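Hi everyone, thanks for coming. Let me put the sequence and the model up on the screen, and then we'll walk through a few spots together.

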Amino acid sequence: MAQMDIGKQMLPSDTALRVAVLIPCYNEELSIAEVVKGFGAALPNAVLYVYDNNSSDNTVAKAKESGALVYSERMQGKGHVVRRMFSDIEADYYVLVDGDATYEAEAAPRMLKKAASEGLDMVNGARVTDREAAYRRGHILGNKVLTGLVMSIFGRRMTDMLSGYRVFSRRFVKSFPVTSAGFEIETELTVHALELNMPLAEEPTRYVERLAGSVSKLRTYHDGFRILKTILSLVQREKPLLFYFVLSLVFAIAGFCIGIGVITDYMETGLVPRLPSAVLATGLELLAGLCLLCGIVLNATKHARQEVKRLFYLSYPIRILS
C-alpha cells in the first residue's frame, strides 16, 4: 500500500484513504484562515470543508481565500451544521474541529493514525492546557461535572466529553442520527459511541486561547443547561429502565411518607380520618407502578431499536491501516 509522510506519522495516500476535515463556522473571520492553513499543512491530502452558519462577517471570504471548500447551513446552531456535513460529505475518516483556532492542528495526524491503525470509530481530542484564558476554571468544573454524569451512566471511557476536536470513521458518521441543534451535539456524539459500545480512544491535544478580538459563541449557563437537558433526554431515551425506575422510586417514597400516617390511624382506630391524604398516597403509588411498567416496556423497545442501530452501523465497512 502506498504511503507518505504526514508530520511524523505514516498514513496511506488519499487514493487509499479519503480524509475530510469538517469545520463548522459562525463569525470566525479572525481565525478561520489560520485553522484552514494549519490543517492543510498537517493533513495535505485531506479535503477541507468549511460550513458557514449565517456569519455576518468575512468568514466565507477568508475560508475561500485559504483554499477550503465552503458551503452553508441556514438553520442556526452547531448541531444543524454537523448534521448537514455528515449528510453531504463522503470519506473514510472525518476530522471535526471548531473554526476558532484553539485546537492543535498538529495532533490531527496522530489522531487519524490511531483511528486508522486500531480500527477505532472515534478518537476524542482531550484538551490539555495551562492557560487560564483558554480554559476558564468555571468551564473546567462544568465539563468535569457533565462528563462525570454521562460517564457514570453510560460508561467511563472518556475524560473530556465536550471537546470539539474528534476523528470519526465513516460507519460512525453514517450511522449517527443527529438530533441536537446547538453545542449539545458533543454530548450526543459521545453517548452514541458509548451506547453502541464502539471502539474509541482519547488523544491529549494542546488547547489555547482564542485570537485577540475573537469572541466565543458559547453561553456558559444557557448552553450548560441545554447540555444538561440533553443528558436527561438521552438517559430517558437510551436508559429508560433507569430513568423510570428513579421516577417510580420517588413517587413510591412520596406516597409512603404521606400514607404512613393514614395506615397508622387505620390500624389504631379502624377509621380513615384523613381521606385526602389517603387518596393522594394511593395516587402516588399508582403512579409509581405505572412508571415502573413504562420503564420495562420502553426498555424492551430500546433494545430492539439498539439492535437495528447496531446492524445499520455494521453495514458500513471500516478502513483499517495495517
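To begin, in which strand does Met122 lie? Met122 sits in strand β7, residues 122-128, where a strand is a DSSP run of E of at least two residues, a helix is a run of H or I of at least four, and both are numbered from the N terminus. A word on the source: this is a predicted model, where local features need pLDDT of at least 70, side-chain atom pairs count only at pLDDT 80 or more, and totals for chains, interfaces and linings use all residues. Residues are numbered from 1 along each chain as its sequence is written, and side-chain values use heavy atoms, leaving out hydrogens and water.

Back to Met122: its relative accessibility is 1%, so Met122 counts as buried (under 20% relative accessible area, with a 1.4 Å probe and protein chains only). Beyond residues up to four places away in sequence, its contacts (heavy atoms within 4.5 Å) include Phe168, Phe172 and Pro199. Pro199 is 77 residues away in sequence, yet the C-alpha atoms are 7.1 Å apart.

Now follow Phe168. Leaving aside neighbours within four places, Phe168 is in contact with Phe86, Tyr94 and Leu189, among others. In the largest nonpolar core, which has 38 residues, Leu22, Phe86 and Phe168 touch the most other members. Such a core is a set of buried Ala, Val, Leu, Ile, Met, Phe, Trp, Tyr and Cys residues joined through side-chain atoms within 4.5 Å. Helix α7 gives the most to this core, 5 residues. Thanks, everyone!

Definitions and conventions. Buried means under 20% relative accessible area, exposed over 50%, partly exposed in between (1.4 Å probe, protein chains only).
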